[in-house]
Amino acid sequence: MTRQKRRDWLMKSEPSVFSYDDLVKEPDSTAMWDGVRNYQARNLLRDEIRVGDRVLFYHSNDAPIGVVGVCRVVRAGYPDPTQFDSTQKYYDPRSSKEKPRWYVVDVKAQKRLSRIVTLAEIKEDEELSDMKLVQKGQRLSVQPVTEAEFDRIVVMSKQ
DNA sequence: GCCAACGTTGGC
DNA sequence: GCCAACGTTGGC
């Protein structure tokens, strides 16, 4: 068994729905990343994301749009319980406990950036021009980032 | 609120 | 399998 290298990710959330502050307020600053209903993102949550991986927490939709904090994955992919609950918004009648369709990971807030690194800045930064986030048509709410991209954003937050 | 870019659904 | 219609994401 070869040990897989830690990987880095970016996850989007609308702050009006679930913000970085909301995550910090959770017990142990930890929450399920639920409600992902896109198969590409699902595959990442189920198959690729591992305990110890780093996550950039991104606020979408509401200004200021950008990366606000850093998290750590503390539990790898398991079935999203909201898909089984008919009272929930994320209920999926096509899913069953035997054959779950959607997955979550648990993330723990690690460090709020000293300031938000905005989408506008990310777009302007030459070192970040290959980020999936700024590729045309790219809307994945869970996406891989390189170590260099991750570290660059943290550096920018300190400037 | 608008709309571009995708993703999903369902008839055929 | 094709593709039109519809739904969603997410920046502006």
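Modeller: Y20, W33 and F57 are joined into a cluster by ring pairs. This is a predicted model, where local features need pLDDT of at least 70, side-chain atom pairs count only at pLDDT 80 or more, and totals for chains, interfaces and linings use all residues. Residues are numbered from 1 along each chain as its sequence is written, chains are lettered from A and ligands numbered from 1 in the order in which they are written, and side-chain values use heavy atoms, without hydrogens or water.

Searching the whole structure gives three aromatic pairs. For Y20 and F57, the ring centres are 5.3 Å apart and the planes meet at 85 degrees, so this pair is edge-to-face. (Helices, H or I with at least four residues, and strands, E with at least two, are DSSP runs numbered from the N terminus.)

W33 and F57 make another edge-to-face pair, with 5.3 Å from centre to centre and 75 degrees between the planes. Again distant parts of the chain are linked: W33 is in the loop between β2 (30-32) and α2 (39-48), 24 residues from F57 in strand β3.

Buried or exposed, where do Y20 and F57 fall? Both Y20 and F57 are buried. (Buried means under 20% relative accessible area, exposed over 50%, partly exposed in between, with a 1.4 Å probe and protein chains only.) F57 has a relative accessible area of 0%, so it counts as buried. W33 is at 6%, so W33 is buried too.

Now the charges over rings. R54 puts its charged end over the ring of F150, 3.8 Å from the centre. R46 lies over the face of Y103, 6.0 Å from the ring centre. (The test asks for NZ of Lys or CZ of Arg within 6 Å of the ring centre and within 35 degrees of the ring normal.)

Last, the DNA. A side-chain N or O atom of K136 is 2.8 Å from a phosphate oxygen of DNA strand B. R139 places a polar side-chain atom 2.8 Å from a base nitrogen of DNA strand B.

Notes:
Polar contact = N/O pair within 3.5 Å; in protein donor to acceptor, adjacent residues only side chain to side chain. Phe/Tyr/Trp six-rings, centres within 6.5 Å; stacked < 30°, edge-to-face > 60°.
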